[in-house]
Amino acid sequence: MGKVKKWFKNMSVKGTFVVYVLGFLLLAAGLSLVTLRYCDNVSKHILYKYEDQNSGLILDGTLRIYVNRQEPEKSFTVRDRFLYRLSQTCMFLSVPFWFFLCTLTAGLLFYKNKLKKPFQLLNDASEKIAKQELDFSIEYEREDELGRLCRSFEHMRASLEENYRDMWRRVEERKQLNAAFSHDLRTPLTVLRGYGDFLMKYLPEEELDREKLTSVVATMGSHIKRLERYTDTMNSVQRLEEITPVYEWISIETLKDKVIDTVSMLAENKATDFCWKFESGQELNIDVEIVLQVFENILANSVRFADRRIWIRAEWTEGEFRLTVEDDGTGFTPDGLRRAQEPFYSSNHETENHSGMGLYICRIMVQKLGGSLSVANTSQGGASVCAAFACKIRDLS
């Protein structure tokens, strides 16, 4: 019985409608037949009571023919006349009445059992989406057309929620980026303004010797270059938002060769160890350009802080392609572990010739591929950065 009930619940809307209509039409036909027989029996019973008083009454099976001019109802009592006329009226009206009532009941039950709940769910969901309230879910587990429609609506809601959160995340990141950019611009602008006032004050009076003037100009030039780097970095971050991942199948061997080529260009003065936990003949479906750009940024950081050696590990874990770069440097400070992926962060910002945007850019690009970036310190005290890319893998062997 439970399987039949489940099958009926998962029946298509059209099929369910046909079952309801046919079922209630059969019910209407049965009720009409019962009503007609009952009313006919009532009429017969009344006529039989007055058979002796109506000599002109000829009984021919179930058909009654009156041959005299006297109508049999004239001899009926008031009660029998009422019942006789009522039974005749019911016989005339019972068929359209039962078919109308059963058709109406079929429509109401069809709406209540098949349409009401999904319509209510979709209506409530539409109102919440219109109010930008996306923290809900649509649960309707039937396998009919309305069940598929509810699941499609739930998928749309989830996509809207993800896009909405991504939009707010981007807005918050942009606010954070602008705040960091404004903060870091303050120092070179203050220096340039101070030296500018200094030159305006002493240069006209020729109170500056050539050595001091050269030093001031050199300092101003370095801060101007710093502003140029910030501007270039902001332009690069702006272009990141316009990047659309392009997935393609690439063999592990080809990807490994590209990584080795990158290492040979960026880490030629460091000893490197490779660990590739893949079998031959495997392929990844991934955006190779984004992967290599992320790897270049991570490796550049590692080369800058490594003492003598760098370790590179590639593996497939839990549906992700993971590239890990470790070095034998001093590692991240506690503050660095918390803020290394923030824009314009550097533990030695004033001395290093970089903008502090490398890991921040890596994080944005990794997220483009549905992955994540993590930083940690190794057991030997060096830095470890892992880029995890969500992708597919297949074995061609």
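**Strands and salt bridges: a working chat**

Modeller: Arginine 313 stands opposite threonine 324 in S7. That is a place to start, and keep in mind that this is a predicted model.

Colleague: How many bridges join S6 to S7, and do they run parallel or antiparallel?

Modeller: Eight bridges join them, and the two strands run antiparallel. S6 spans residues 309–317.

Colleague: Which residue in S7 stands opposite glutamate 315?

Modeller: Arginine 322.

Colleague: What about S9? How many bridges does S7 make with it?

Modeller: Seven, again in the antiparallel sense. Strand S9 is residues 383–390. Across that pairing, glutamate 326 stands opposite serine 384.

Colleague: Back to S6. How many bridges join it to S4, and in which sense do they run?

Modeller: Seven bridges, and S4 and S6 run parallel. S4 covers residues 271–277. As one example, alanine 271 has arginine 309 of S6 as its bridge partner.

Colleague: Now the turn. How many residues sit between the strands in the hairpin of S6 and S7?

Modeller: Two. Glutamate 318 lies in that loop between S6 and S7.

Colleague: What is the phi of glutamate 318?

Modeller: Positive, about 50°, although the residue is not a glycine.

Colleague: And is glutamate 318 buried or exposed?

Modeller: Exposed, with a relative accessible area of 72%.

Colleague: New topic. How many salt bridges does the structure hold?

Modeller: It holds 16.

Colleague: Which residue does glutamate 283 form a salt bridge with?

Modeller: Arginine 394. The closest N and O atoms are 2.8 Å apart.

Colleague: Is glutamate 283 buried or exposed?

Modeller: Buried, at 14% relative accessible area, because the cut-off for buried is under 20%.

Colleague: Another one. Where do aspartate 40 and lysine 44 lie?

Modeller: Both are in helix H2, which runs over residues 13–49. They sit four residues apart, about one turn of the helix.

Colleague: How accessible is aspartate 40?

Modeller: Its relative accessible area is 26%, so aspartate 40 counts as partly exposed.

Colleague: And arginine 308? Which residue does it form a salt bridge with?

Modeller: Aspartate 307. The closest N and O atoms there are 3.2 Å apart.

Colleague: Is arginine 308 buried or exposed?

Modeller: Exposed, at 57% relative accessibility. Aspartate 307 is partly exposed, at 44%.

Colleague: Last one. Which residues are linked in a network of salt bridges?

Modeller: Glu154, Arg157, Glu161 and Arg165.

Definitions and conventions. Residues numbered from 1 in each chain as written. Predicted model: local features only at pLDDT ≥ 70, side-chain atom pairs only at ≥ 80, totals over all residues. Heavy atoms only, no water. Salt bridge = Lys/Arg side-chain N within 4 Å of Asp/Glu carboxyl O. Buried < 20%, exposed > 50% of the residue type's maximum accessible area, 1.4 Å probe, protein only. Pairing = 2+ DSSP bridges.
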